[in-house]
Amino acid sequence: MIKLSICIPTFNRVHFLENCLNSIAIASQNSTLKYEVCISDNFSEEKILPVIDKYNQKINIILNRNESNIGLGANILKSVSLASGD
């Protein structure tokens, strides 16, 4: 059972996303907590898939990619809707 869902809405700024995922990967090395990382990409122009692929081997990532920019608020809600944790 997933205890924690980390929800990340994103739009471009791939370097910030990579930094965030790296921090989660490092923290998870010292924890037995069952968690997931829920990412909703709001139609980024930058290439985020290589970053997702790099960290998907280390952490459990659930990814949604919007087909158009749905706005900040809706993208935040979308990332939360992916979550299954307590």
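Okay, let's start with Ile59: leaving out residues up to four places away in sequence, Ile59 touches Leu21, Ile24, Ala25, Ser28, Tyr35 and Val37, where contact means heavy atoms within 4.5 Å. Before going on, a word on what we're looking at. This is a predicted model, so to speak of local features we need pLDDT of at least 70, side-chain atom pairs count only at pLDDT 80 or more, and totals for chains, interfaces and linings use all residues. Residues are numbered from 1 along each chain as its sequence is written, and side-chain values use heavy atoms, with hydrogens and water left out.

Back to Ile59, then. Which residues have the most contacts inside the largest nonpolar core? Ile59 is one of them, along with Leu21, Val37, Ile39 and Ile61, and that core has 15 residues. By nonpolar core I mean a set of buried Ala, Val, Leu, Ile, Met, Phe, Trp, Tyr and Cys residues joined through side-chain atoms within 4.5 Å. Buried is under 20% relative accessible area, exposed is over 50%, and partly exposed is in between, with a 1.4 Å probe and protein chains only. H1, E2 and H2 are the elements giving two or more residues to this core, and the largest share, five residues, comes from H1. Those labels are DSSP runs numbered from the N terminus: helices are H or I with at least four residues, strands are E with at least two. As a general point, nonpolar side chains in soluble globular proteins tend to be buried together.

Now the strands. E1, residues 4-10, runs parallel to E2, and seven bridges join them; strands pair if DSSP finds at least two bridges between them. Ile8, for instance, has Ile39 in E2 as its bridge partner. From E1 the chain crosses through H1 to E2, and this β-α-β crossover is right-handed. That means that, with the strands pointing away from the viewer, the path from the first strand over the helix to the second runs clockwise.

Next, helix H2, residues 49-56. Its buried residues are Val51, Ile52 and Tyr55. Why are they on the same side of H2? Because they cover an arc of only 100° around the axis, taking the directions from the helix axis to the C-beta atoms. Pro50 and Asp53, on the other side of H2, are exposed. The cover over the buried residues includes helix H1 (14-28), strand E2 (35-41) and strand E3 (61-65).

On to a loop residue, Asn12, which sits between E1 and H1. Is Asn12 buried or exposed? Asn12 is buried, at a relative accessible area of 12%. Its side chain reaches the backbone nitrogen of Glu45 at 2.7 Å, and a polar atom of that side chain lies 3.0 Å from the backbone nitrogen of Glu46. Apart from neighbours within four places in sequence, Asn12 is in contact with Ser44, Glu45 and Glu46. Asn12 also has a positive phi, near 55°, in a residue other than glycine.

Phe43 is not a glycine, yet its phi is positive too, about 60°. Phe43 lies in the loop between E2 and H2 and is partly exposed, with a relative accessible area of 46%.

Last stop, Leu77 in helix H3, residues 72-81. Leu77 counts as exposed, at 61% relative accessibility.

Technical notes:
A polar contact is a pair of N or O atoms within 3.5 Å; within protein, one must be able to donate a hydrogen and the other to accept it, and residues adjacent in sequence count only if both atoms are side-chain atoms.
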